[in-house]
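Look at the sequence and the model shown here.

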Amino acid sequence: MSGLVNPTVARITLRATLSRKRALLFAGPAVVLILLTVALKASNAPLRPWPSHVLGTFGFSVLLPLTALIIGTSVLGAEIDDGSIVHLLATPVRRSAVVITKFGVATGLTVVFAAIPELVAALIAGGGSTPPPNGHGDLVTISTGKFAVGLFVGALACSVIYNAVFVMISVVTTRAIAVGLLYVLVWEVLLANFVGGARLLSVSHYGLGIANGFVADPALEAGLNVLTSAGMSIIVTAAALFLAASRLSSFTIQGEPA
């Protein structure tokens, strides 16, 4: 019970999360991404880096955050909303372990329902393409394997960070879905993609920056280099989990301090 990850809590969380009706929504964004990729591939889209734009912009700004939002806010937020969290907090399990375990389950599910579909879509796309170094001539092709691995690694990073943020939000407010959706639509989809300075605080661009470190594809429009992306990823993840654990520790049971 003294470890940071509690197997019993993880097992119960996994079973409860996958049994909820909203679990049917987990695969929705991934299906849209894969179908869109198949359609573009089958239609012989014009010779331009569409895989980078579609899998980068849609994958990292829509697929990953929406999937993580649904999952990350449900693993702990649902128990807080219905009051069943008091039963868990009454056990000897450390509250930091509760947060880390819930976060770990949410991250694993997001990898399955978002990061892996991103990898599949990249393999279907058949690789990326980027302008030549001198700006003249044909587009330079990026191999399918390199392109897919780069996006997958970036998606893994996003799965971790997004879930840390959304688990934290679910502990801080009872309107986690609304707050998270507002954050995704306003910050990740709009501001981060159109205002350069906002990218320093954009999870999607952390993932794109890490992915771009593998594929060196300007069409991904990462806006951040790999070192900055990795550093900010660690800071944001650690800060979010610390805030979540601190907030959960302030919860009271039957009028006594937690």
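Gly150 sits in helix 7; helices (H or I, at least four residues) and strands (E, at least two) are DSSP runs numbered from the N terminus. The model is predicted: local features need pLDDT of at least 70, side-chain atom pairs count only at pLDDT 80 or more, and totals for chains, interfaces and linings use all residues. Residues are numbered from 1 along each chain as its sequence is written, and side-chain values use heavy atoms, with hydrogens and water left out.

Is Gly150 buried or exposed? Gly150 is buried, because its relative accessible area is 0%. Buried means under 20% relative accessible area, exposed over 50%, and partly exposed in between, with a 1.4 Å probe and protein chains only. Beyond its neighbours within four places in sequence, Gly150 is in contact with Ala211, Phe214 and Val215. Contact here means heavy atoms within 4.5 Å. The C-alpha atom of Gly150 is 7.6 Å from that of Gly213, and the two residues are 63 apart along the chain.

Now take Gly145, also a residue of helix 7, which spans residues 144–172. Gly145 counts as partly exposed, because its relative accessibility is 40%. Its C-alpha atom and that of Val215 are separated by 9.9 Å, across 70 residues of chain.

Setting aside neighbours within four places in sequence, Leu151 touches Leu55, Phe60, Glu118, Ala122, Ala211 and Leu220. Which members of the largest nonpolar core touch the most other members? They are Leu55, Leu76, Leu151, Tyr162 and Phe166, in a core of 68 residues. A nonpolar core is a set of buried Ala, Val, Leu, Ile, Met, Phe, Trp, Tyr and Cys residues joined through side-chain atoms within 4.5 Å. In soluble globular proteins, nonpolar side chains tend to be buried together.

Step back to the whole chain. It holds 10 helices and two strands. From the N terminus on, the elements run α-α-α-α-α-α-β-β-α-α-α-α. Of the 258 residues, 48% count as buried. Among contacts with a separation of 6 or more, 72% come from residues 24 or more positions apart.

Helix 6 covers residues 95–125 and includes Val98. Val98 is buried, because its relative accessible area is 0%. Leaving out neighbours within four places in sequence, Val98 is in contact with Leu76, Leu88, Val93 and Leu248. Leu248 is 150 residues from Val98 in sequence, yet the two are 9.0 Å apart in space, C-alpha to C-alpha.

Thr237 belongs to helix 10. Why is Thr237 classed as buried? Its relative accessible area is 12%, so Thr237 counts as buried. Not counting residues up to four places away in sequence, Thr237 touches Phe103, Val160, Ile161 and Ala164.

Thr13 is buried, because its relative accessible area is 2%. A polar atom of the Thr13 side chain lies 2.7 Å from the backbone oxygen of Val9. Apart from neighbours within four places in sequence, Thr13 is in contact with Val75, Lys102 and Val105.

The loop between helix 9 (203–215) and helix 10 (226–249) contains Ala216. Ala216 is not a glycine, but its phi is positive, at about 50 degrees. Ala216 is exposed, because its relative accessible area is 52%. Glu221 has its place in the loop between helix 9 and helix 10. Its phi is near 55 degrees, a positive value in a residue other than glycine. Glu221 is partly exposed, because its relative accessible area is 42%.

The accessible surface of the chain comes to about 11700 Å², and 70% of it belongs to carbon and sulfur atoms. Accessible areas come from the Shrake-Rupley method with a 1.4 Å probe; for residues, only the protein chains shown count as cover. Leu185 is found in helix 8, residues 176–194. Leu185 is partly exposed, because its relative accessible area is 44%.

Note on methods
Polar contact = N/O pair within 3.5 Å; in protein donor to acceptor, adjacent residues only side chain to side chain.
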